[in-house]
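Hi,

Here is the structure I promised to pass on.

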Amino acid sequence: MTSRDPAAALEPRLPSPLLPADDDRFTRRGLRLLLKRDDLVHPDLVGNKWRKLAPNLAAAAGRPVLTFGGAYSNHLRATAAAGRLLGFPTVGVVRGDELAGRPLNPSLERCAADGMRLVFVDRATYRAKDDPAVLARLLRDAPEGAVVVPEGGSNAAAVRGCAALGGELRGRADVVAVACGTGGTLAGLAAGLGPRQRALGVPVLRGGFLGDAVRDLQERAFGGPAGRWELDERFHFGGYARGGPALEEFAEDFGARHGLAVERVYVAKMLYALVTLAEEGAFAPGTTVAAVVTGRPEPAGGDPG
């Protein structure tokens, strides 16, 4: 077990690069596009995963970590990698007990290779994962002293960690856009930005629940609302990990224009939203828009985070 500060031991690249992107879909409307390359923060704990996990791991102080995710969870992969790099045990509670008897997909295979013990539960149990009785049952089978980190890593500590992302962008852009799964990154980002800046969240799931989630996270992290933020819920493409030919074609084209491997589940939808909003005239001429690249392509899929 280790008590090393993960922020130092993992050697993240901070601040992450903020790079101009020459894109005629923006420039011809008098707009400037910047790419905040959080995908370059760490090779194993990419972008917002590092920002959300680091404060949780510091609080765990080397104790085992139990956390949650679906079969393609970016968060589970990042937690497993942190356990390998820092030397603490990890347990991943995976949604879907039918997966227990099947060969592991590439994402879960990576988790297992990094030493994570995978526990498959039925969907009803997974939905009740915050119930104290369910948590107690899961912890009984976990290593002694295990610390629970929520799905996607989104809690008050993670939100405060993501405020540093806003701090790195203070005064650098008028609008800062980020894709949203559980809302933690947006909640922290908005809090860290300056008073004349606003954060734009692009949910990748259907349901219209994220506004309440962000408000609740800010209440827990900061005691109330923090910063200016809004959501545009039009760009989920039918639901989580769904896309289709239009999104695929867009991602390929954007990647070719800017030399960027575009992650499909989160980043592609956020970039698609920004191009659409630019074409709709949603940004006044002279506006600088920063797009937070929170991840890079991984084994097929990825789960909310």
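This is a predicted model: local features need pLDDT of at least 70, side-chain atom pairs count only at pLDDT 80 or more; totals for chains, interfaces and linings use all residues.

Residues are numbered from 1 along each chain as its sequence is written, and side-chain values use heavy atoms, with hydrogens and water left out.

Back to R51, which sits in helix α3, residues 48-60 (helices are DSSP runs of H or I with at least four residues, strands are E runs of at least two, and both are numbered from the N terminus). Its side chain makes a polar contact of 3.0 Å with that of E168. (A polar contact is a pair of N or O atoms within 3.5 Å; within protein, one must be able to donate a hydrogen and the other to accept it, and residues adjacent in sequence count only if both atoms are side-chain atoms.) Leaving out residues up to four places away in sequence, R51 also touches others, including L14, D38, A158 and L165; contact here means heavy atoms within 4.5 Å.

Helix α3 turns up again around helix α9: the buried residues of α9 are covered by elements including α3, α8 (156-168), β7 (175-180) and α10 (210-222). Helix α9 itself spans residues 184-192 and is mostly covered, with 8 of its 9 residues buried. Among them are G184, L186 and G192.

Where is K129 placed? You'll find K129 in the loop between α6 (123-127) and α7 (132-140). K129 is buried too, at a relative accessible area of 12%. Neighbours within four places in sequence aside, K129 is in contact with F68, V134, L135 and E151.

As for the whole chain, there are 12 helices and 10 strands. The radius of gyration is 19 Å, close to the 19 Å that the globule rule gives for 305 residues, so the chain is as compact as a globular protein of that length (the radius is taken over C-alpha atoms, and the rule is 2.2 Å times the number of residues to the power 0.38). Buried residues make up 57% of the 305. The C-alpha atoms fill a box of roughly 60 × 40 × 35 Å along the principal axes.

Cheers

Methods
Buried means under 20% relative accessible area, exposed over 50%, partly exposed in between (1.4 Å probe, protein chains only).
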